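These are my notes from a first look through this structure. I wrote down each thing I looked up and what I found.

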Amino acid sequence: MSKEQLENVEVFTSSFSSEQQKELANRLITFLSQYSHLSDSFIIEFFSENLWDTLPKTWQAVLQDLSFPQIADLLLDAANNNRRYPSVWPLSLLAFRATAHALTFPREPRCDRGSVAEPKKPDEFLENHSQSSLLGHIFRKHVKPKKQHEIRKLGMLVKQLCEQTGCRRVVDVGSGQGHLTRFLSFGLRLSVTAIEADPTLVAMASRFDGELLWVLEKEKHKKVALPIPRHVAGWVNPKESWEEGVSPDESHLQRSNDFVLTGLHACGDLSATLLRLFVSCPHVRGITSVACCYMKITTKESHESFGYPMSSWVRGLSGHQLSYKAREGACHALEDYVRRLREESELLRSHCYRAMLETFIRDTRPDLHRAGIQTIKKSHLLSFTEYACLGLARVGLPPDLPLDPERVAAMLKHQNKVVVYFSLSLLLAPVVETLVLLDRIIYLQENGDRLVPLFNPNFSPRNFVLVALKPSR
């Protein structure tokens with residue numbers, strides 16, 4: 001990153017002009033292309049691919065002895081204004097950190113912005129860490145605190161869109177067990193159709209609706225007249241026009257009045273599909289879209305109907321491609337990792353363990369790269385030998401495979417370097433997410449789009465909601 005590039009980085013808001021959005025997309029792609037070796041690397045290959053030596057020697061010298069809290073302070077915490085460097089950092093490393101932070105959408109509302117070193121728990125959970133004080137008890141049953149926070153915040157935003165568009169109807173796609181649906185319907189008195197592809201979840205949602213009504217009627221000692229949501233087992237087909245793009249169970253949408261479309265953590269291509277439906281269907285007057293699972297997005301290179309890039313502008317920029325690993329990395333929660341660093345959590349050794357195990361797997365089976373071991377519970381409480389025993393068995397190798405104790409001890413000494421390298425790649429995660437979201441903003445820019453950091457990022461890592469309204473008829 002040149003000095004000119006660093007100086008020209010702008011502090012950005014969700015009210016960028018069309019030209020500013022396009023310029024930002026260009027800068028994001030230029031920056032990510034320069035550091036793709038970091039965003040595309042797999043931390044489990046730290047030892048087997050000698051990743052540490054891919055860093056500039058000047059970076060290695062100043063990073064190798066950092067403590068975990070220093071990694072949080074000096075690399076990941078953008079708001080920390082009291083950095084104390086143990087040595088003089090090279091300008092290239094300073095520019096890398098500053099540019100990554102400057103190009104990233106702020107993940108907290110302006111009024112709440114502060115150091116991620118001091119995560120602020122939502123006020124609604126100060127009295128009881130598991131129950132939101134702002135959400136009625138009937139909506140908290142079966143719902144974890146994170147989801148309580150999300151359905152309340154998103155529900156209020158959806159209601160606001162309904163008021164702005166004059167719609168009383170909402171279609172909740174990918175509704176799962178219906179937690180958001182119930183709040184919209186029973187709590188905010190909106191007419192809701194919930195669409196979920198899994199029939200088991202649809203049945204569960206209907207059962208939870210019945211439980212909620214029973215509680216309400218018991219409390220009021222009379223039958224309650226409330227709009228009851230309609231749960232539908234179905235899906236939205238991204239390859240069809242809006243008239244044909246819903247399964248038969250949802251065909252009533254084609255004949256319905258105007259409605260607002262919402263999707264809370266619509267996985268992979270579903271979030272892109274909903275945006276396309278918003279653009280093509282005249283009955284969809286507004287949309288709120290909270291995406292997740294960016295690694296499941298199909299790309300132009302791999303699929304005809306792709307989730308990235310959506311805009312013709314980003315599609316036309318050289319180097320816009322995002323690898324699977326870069327998109328997977330964008331799902332990681334920077335706030336949670338900073339918290340672990342500050343607490344010097346034993347959980348931080350998990351990456352080192354997995355990278356060590358990868359070397360022993362490849363020694364025995366050179367053809368077996370990045371084997372899917374999945375998470376080993378409480379691995380931080382195990383010795384590496386115990387961890388390896390469990391991991392080897394999962395890939396079909398002898399759990400008692402001999403492990404050179406001297407080699408194990410030597411690799412364990414590099415745990416700090418593993419954490420540093422992962423932190424460098426994690427610094428790019430919000431940049432990748434920003435590019436994916438900006439591509440969608442540009443796609444919708446003629447329809448009054450906004451991007452809002454709605455949820456508390458310490459609670460909900462995928463906290464951005466894309467909001468769009470169509471001009472009045």
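**Largest pocket.** I began with the lining of the largest pocket and asked which element gives the largest share. Helix H17 does, with four residues. The model is a predicted one, and I kept that in mind from here on. I then noted that the elements giving two or more residues to this lining are helix H12 (324-329), helix H13 (334-343), helix H14 (350-364) and helix H17 (415-426). In total 39 residues line the largest pocket. Those nearest its centre are Ile43, Glu328, His332, His351 and Thr375. For the space in the largest pocket I wrote down about 1300 Å³.

**Confidence.** The protein chain has an average pLDDT of 86, and 86% of the residues score at least 70. Residues 1-13 have a pLDDT below 50, yet this stretch has 29 contacts in the model beyond near neighbours in sequence. For residues 244-252 the pLDDT also stays under 50, and I found 23 contacts beyond four places in sequence listed for them.

**Helix H8 and Phe186.** I looked up phenylalanine 186 and found it in helix H8, which covers residues 179-187. Is phenylalanine 186 buried or exposed? Its relative accessibility is 5%, so phenylalanine 186 counts as buried. Leaving out neighbours within four places in sequence, I listed its contacts as Phe139, Asp209, Leu212, Leu213, Leu226, Pro227, Ile228 and Pro229. One of these, leucine 212, is 26 residues away along the chain, and its C-alpha atom is 8.8 Å from that of phenylalanine 186.

I then took H8 as a whole. Eight of the nine residues of H8 are buried, so I noted the helix as mostly covered. The buried ones are His179, Leu180, Thr181, Arg182, Phe183, Leu184, Ser185 and Phe186. What do the buried residues of H8 pack against? I found helix H7 (145-165), helix H9 (199-220), and the strands E1 (169-173), E2 (191-196), E3 (230-233) and E4 (259-267). After H8 comes arginine 189, with a positive phi near 60°.

**Aromatic pairs.** I counted 15 aromatic pairs. In one of them, tryptophan 59 and phenylalanine 96 are tilted, with 5.4 Å centre to centre and 45° between the planes. Tryptophan 59 belongs to helix H4 (residues 57-63) and phenylalanine 96 to helix H6, so this pair ties together parts 37 residues apart in sequence. Both tryptophan 59 and phenylalanine 96 are buried.

A second pair joins phenylalanine 105 and phenylalanine 464, and I asked why it counts as edge-to-face. The planes of the two rings are at 65°, and the cut-off is over 60, so the pair is edge-to-face. The ring centres are 6.0 Å apart. Phenylalanine 105 is in the loop between H6 and H7 and phenylalanine 464 in strand E7 (residues 464-469), so the pair ties together parts 359 residues apart in sequence. Phenylalanine 105 counts as buried at 7% relative accessibility; phenylalanine 464 is buried at 7%.

I also noted one aromatic cluster, formed by Phe31, Tyr35, Trp59 and Phe96.

**Charges over rings.** The charged end of arginine 370 sits over the ring of phenylalanine 42, at 3.8 Å from its centre. Lysine 470 lies over the face of phenylalanine 278, 5.0 Å from the ring centre.

**Backbone.** I looked for a cis peptide bond and noted the one from tyrosine 308 to proline 309, with omega near -10°. Proline 309 is in the loop between strand E5 (284-292) and helix H11 (312-315). Histidine 265 is not a glycine, but its phi is positive, about 55°. I placed histidine 265 in strand E4, and it is buried, with a relative accessible area of 17%. Glutamate 344, also not a glycine, has a positive phi of about 50° and is in the loop between H13 and H14.

**Proline 86.** Last, I looked up proline 86 in the loop between helix H5 (68-76) and helix H6 (91-102). Not counting residues up to four places away in sequence, proline 86 touches Leu66, Gln70 and Leu74. The C-alpha atom of proline 86 is 9.3 Å from that of aspartate 65, 21 residues away along the chain.

Notes: Residues numbered from 1 in each chain as written. Predicted model: local features only at pLDDT ≥ 70, side-chain atom pairs only at ≥ 80, totals over all residues. Heavy atoms only, no water. Buried < 20%, exposed > 50% of the residue type's maximum accessible area, 1.4 Å probe, protein only. Contact = heavy atoms within 4.5 Å. pLDDT = per-residue confidence, 0-100. Phe/Tyr/Trp six-rings, centres within 6.5 Å; stacked < 30°, edge-to-face > 60°. Lys NZ or Arg CZ within 6 Å of the ring centre and 35° of its normal. 1 Å grid on protein atoms, 1.4 Å probe; cavity = no way out; pocket = protein on both sides within 12 Å on 5 of 7 lines; lining within 4 Å. Points joined across faces, edges and corners; volume = space filled by probe spheres on them.
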